[in-house]
Amino acid sequence: MEGAFDFQRDSRRLAARRLALWMGAVLLALALIGSAARPIAVGAARDGDHQVAGGGKTIIEGGGPGLVPVTTVLAFHASGQRGAFECLALMPPVATSFSPESGDFEVNAMYVTGKVTSVTIRDGTAVLQGTATVTGLGAGTNLPFTFEAHAGGPGTTATLTVSGLTFHEILLEGQVTIH
C-alpha cells in the first residue's frame, strides 16, 4: 500500500507543478500585455494625433554668408496639433571661417521661438508648422515657419524655413523621435 500512497503523492506534486507552470505562463502573458498597452495609455494620443520630439546640436550645411560656420541648439515637441519649437543659431565673433576664433560659437545670429499649430508625419519624417518670433537674422513677430525633421540621432537632417530663409541642418548631438 505504501507504493500506491507514494504514487498518489507524486501525482499530486506533478499536478501542482503543472498548475504552477500554467499560472506562471498566465502571469507572464498578462505582464507582457500590460507592458505593451502602457505606452498607449500613458501617451494619451488620440486617433490621428502624432507625437514628435527632439533636441540637440546641429550644424548648418554650408554655413552662413562667406563660409562662416553656424551651429544651432534645437529643441521641439508636438503632440496632436500643438507644441513648441526653439532654435538658437550661434556663429563665431569674426565673420570668416579662416580666423582662429572660427570655432568659438558665441554670437547669437538668430533665435526662433514658436508655437506649433500643425504636425504631419509620413515615412519617418515630421513636418511641423506654426508661427514664431524671430530675433537677429530675419527678425519679426508672428512669422510662419516650417520645420521638417527626420527620425534618428547624429547624422539626421532637418530643414527650417522662416522669414523667407531656409536652413539645412545636420544633427551632431541629440535625437529626433517620431510616433
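## Reading the features of a predicted model

A search of the whole structure, a predicted model, finds four aromatic pairs.

Me: How do I read an aromatic pair, and which residues do ring pairs link into a cluster here?

Reply: Start with the geometry. A pair of aromatic rings is described by the distance of the centres and the angle of the planes. In this model, ring pairs join Phe76, Phe85, Phe145 and Phe147 into a cluster.

Me: How do the residues of the pocket lining divide into nonpolar, polar and charged?

Reply: The lining of the largest pocket has 14 nonpolar residues, three polar and one charged.

Me: And cavities? How many of 30 Å³ or more are there?

Reply: The count is one. The volume of the largest cavity is about 50 Å³. It is lined by 13 residues, and the closest to its centre are Thr156, Thr157, Ala158, Leu171 and Val176. Strands β2 (71–79), β6, β7 and β8 each give two or more residues to this lining. The largest share, four residues, comes from β8. By type, the cavity lining divides into eight nonpolar, four polar and one charged.

Me: Let's take single residues. Is Thr58 buried or exposed?

Reply: Read the relative accessible area against the cut-off. Buried means under 20%. Thr58 has 2%, so Thr58 is buried. Thr58 sits in strand β1 (residues 51–60).

Me: What does the side chain of Thr58 join in a polar contact?

Reply: The partner is the side chain of Glu169, at 2.6 Å. Glu169 is also one of the residues that Thr58 touches, leaving out those up to four places away in sequence. Others on that list include Val70, Thr71, Leu74, Ile170 and Leu172.

Me: Where is Pro92 found?

Reply: Pro92 is in the loop between β3 and β4. Pro92 has a relative accessible area of 1%, so Pro92 is buried.

Me: Which residues does Pro92 touch, beyond four places in sequence?

Reply: Among them are Val68, Pro69, Glu101, Asp104 and Phe105. Val107 is another contact of Pro92. Pro92 and Val107 are 15 residues apart in sequence, yet their C-alpha atoms are 5.9 Å apart in space.

Me: Last, backbone angles. What should I look for in phi?

Reply: Most residues other than glycine have a negative phi, and most peptide bonds are trans. Asn142 has a positive phi of about 55°, although Asn142 is not a glycine. Ser163, also a residue other than glycine, has a positive phi near 55°.

Me: Where do Asn142 and Ser163 lie?

Reply: Asn142 is in strand β6 (residues 140–150). Ser163 is in the loop between β7 (157–162) and β8.

Me: How is the accessibility of each one read, for Asn142 and for Ser163?

Reply: Exposed means over 50%. Asn142 has 60%, so Asn142 is exposed. Ser163 has 28%, so Ser163 counts as partly exposed.

Notes:
Residues numbered from 1 in each chain as written. Predicted model: local features only at pLDDT ≥ 70, side-chain atom pairs only at ≥ 80, totals over all residues. Heavy atoms only, no water. Buried < 20%, exposed > 50% of the residue type's maximum accessible area, 1.4 Å probe, protein only. Polar contact = N/O pair within 3.5 Å; in protein donor to acceptor, adjacent residues only side chain to side chain. Contact = heavy atoms within 4.5 Å. Nonpolar A, V, L, I, M, F, W, Y, C, P; charged D, E, K, R; others polar. Phe/Tyr/Trp six-rings, centres within 6.5 Å; stacked < 30°, edge-to-face > 60°. 1 Å grid on protein atoms, 1.4 Å probe; cavity = no way out; pocket = protein on both sides within 12 Å on 5 of 7 lines; lining within 4 Å. Points joined across faces, edges and corners; volume = space filled by probe spheres on them.
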